[in-house]
Amino acid sequence: TLREICESLKFDDPRTYLQSGNVVFRTRRKPEAAAVALEEAIEARLGFRPAVVPRTAPQIAATVEGLPIGFARDLDRSKLLVMFLAGEPAGDALVKIARLALPEQVEARGREVYIYFPDGVGRSKLSTTVLERAFGGPMTGRNWNTVLALRELACGRGAA
């Protein structure tokens, strides 16, 4: 359905990743304009309006390349999540998270937040709601394997 919606918007070569809510496509529209069009089309067709958090292929590649060095050593990648922020983060977000004294390791890089959940995501008290309050806006999370798959979809076949 998501691919069909993208085709109806005249996005080129829309490809989805599993049933994860992720779609990669090409368009001449600015990312923010494409996101608004997609939000409106989803709402018209499915009756709800999700926050669409767009990233370009180079931005996805930079997210992978920007993995903080502290996350790169001997971590279980299945417990690594990237939160993609819709807007610029609040300046004191990491201070707010640190005050919670949770076991998670959190590092922000621009509009991406890398989080390592040593006890797993399901057991964490660091919810999307807590993160959205701290960072000051909507975001969406993807596990590291999904981020790698999206990079391959977006960059692997020459998409720009």
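Student: Leaving aside neighbours within four places in sequence, which residues is Leu-131 in contact with?

Tutor: In this predicted model, Leu-131 is one of the residues with the most contacts inside the largest nonpolar core, which has 13 residues. Helix 6 (128-135) is among the elements that each supply at least two residues of this core, as are strand 3 (80-85), helix 5 (93-99) and strand 5 (112-116). With the neighbours within four places set aside, the contacts of Leu-131 are Met-83, Ile-97, Ile-115, Leu-126, Gly-136 and Met-139.

Student: Is the aromatic pair of Phe-11 and Phe-25 stacked or edge-to-face?

Tutor: The count of aromatic pairs comes to two, and in this one the ring centres are 4.1 Å apart with 5° between the planes. Planes under 30 degrees apart count as stacked, whereas those over 60 count as edge-to-face. The pair of Phe-11 and Phe-25 is therefore stacked.

Student: Does Phe-25 count as buried, or as partly exposed?

Tutor: Buried requires a relative accessible area under 20%, and exposed one over 50%. Phe-11, at 4%, counts as buried. Phe-25 has 21% relative accessibility, so Phe-25 counts as partly exposed.

Student: What is the separation between the C-alpha atoms of Ala-37 and Leu-9?

Tutor: Ala-37 lies in helix 2 (residues 31-46) and, at 13% relative accessibility, counts as buried. Not counting residues up to four places away in sequence, Ala-37 touches Leu-9 and Arg-29. Ala-37 and Leu-9 are 28 residues apart along the chain, and their C-alpha atoms are separated by 7.6 Å.

Methods
Residues numbered from 1 in each chain as written. Predicted model: local features only at pLDDT ≥ 70, side-chain atom pairs only at ≥ 80, totals over all residues. Heavy atoms only, no water. Helix = DSSP H or I, 4+ residues; strand = E, 2+ residues; numbered from the N terminus. Buried < 20%, exposed > 50% of the residue type's maximum accessible area, 1.4 Å probe, protein only. Contact = heavy atoms within 4.5 Å. Core = buried A, V, L, I, M, F, W, Y, C linked by side-chain atoms within 4.5 Å. Phe/Tyr/Trp six-rings, centres within 6.5 Å; stacked < 30°, edge-to-face > 60°.
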